[in-house]
Amino acid sequence: MSITIKSQSELAIMREAGRITCGAIWYAGERIKPGMSTMDVDKLVGEYFARHGCKSCFKGLYGFPANACISVNEEVIHGIPKASHRLKEGDIVSIDTGAAYKGFNGDSCWTFPVGKISDEAKALLEVTEKSLYEGIAQAQVGARIGDISHAVEEYCASRGYGIVRNYCGHGIGREVHESPEVPNWGKPGHGPRLVAGMTICIEPMINAKGDDVKTLKDGWTVVTKNGSLSAHFEHMIAITPDGPVILTQP
Ligand code: MG
Ligand code: MG
């Protein structure tokens, strides 16, 4: 699929899709506590979307069975919400979801602490979130995707963190996943050039140690191979002549 350029009126819809998406993530994220199941978290996301007159664009996407991907600790992405998976103090939980709104889609992810977390987990969340903003700062008209990719990689790798290379960010619009791919590693000055009206998702998936991941037998849940913690932060942004605009800002 080619890269789609959105008109001002399309961007206005995507802004709304982004606003509802981050609303759902924070509505659920702020209610997370020990003893809750990942299915409970998914229900909160679904509730929020229903109250805002829309649905999750994740449900049914490639056959995904829930409103949100909920990934805990060593789970990197695509965790399936389960009533049997209870959260406990010290866990880190990523909520990855998007609103399907008036023909367009949102997509964002945030990793939340459950109660008090270890210093190692805290540092991982901080570095991953900051690397997202390092990437966003490069998303200027005339720059290239590789500039974003390199900024994320440089920030995390220089601090000894592992960058998940099997998955990456993407363009977004009428489809949840559009061109171009937005990797979390790469060379400055390489890849597609950024043009005003592009909307992309930048989403570093960062491991405390090592890059390697594997998919569990459920066919969905991606985990770190060595069991180390993994964090995931994602914003949907619009490329504009005035610089990057975050569409999923809390
Ligand atoms: Mg995404
Ligand atoms: Mg996402």
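Tutor: In this predicted model, the magnesium ion (ligand 1) and the magnesium ion (ligand 2) lie 3.1 Å apart, with aspartate 107 coordinating both. Donors here are N, O and S atoms within 2.8 Å of the metal (3.2 Å for Na, K and Ca), and since water is not among the atoms, sites may look incomplete. Residues are numbered from 1 along each chain as its sequence is written, while chains are lettered from A and ligands numbered from 1 in the order in which they are written. Local features need pLDDT of at least 70, side-chain atom pairs count only at pLDDT 80 or more, totals for chains, interfaces and linings use all residues, and side-chain values use heavy atoms, leaving out hydrogens and water.

Around the magnesium ion (ligand 1), the coordinating residues are Asp107 (OD), His170 (NE2), Glu203 (OE) and Glu234 (OE), at 2.1 to 2.2 Å, and along the chain these donors follow the spacing D-x62-H-x32-E-x30-E. The magnesium ion (ligand 2) is held by Asp96 (OD), Asp107 (OD) and Glu234 (OE), at 2.0 to 2.1 Å, with its donor residues spaced D-x10-D-x126-E in sequence.
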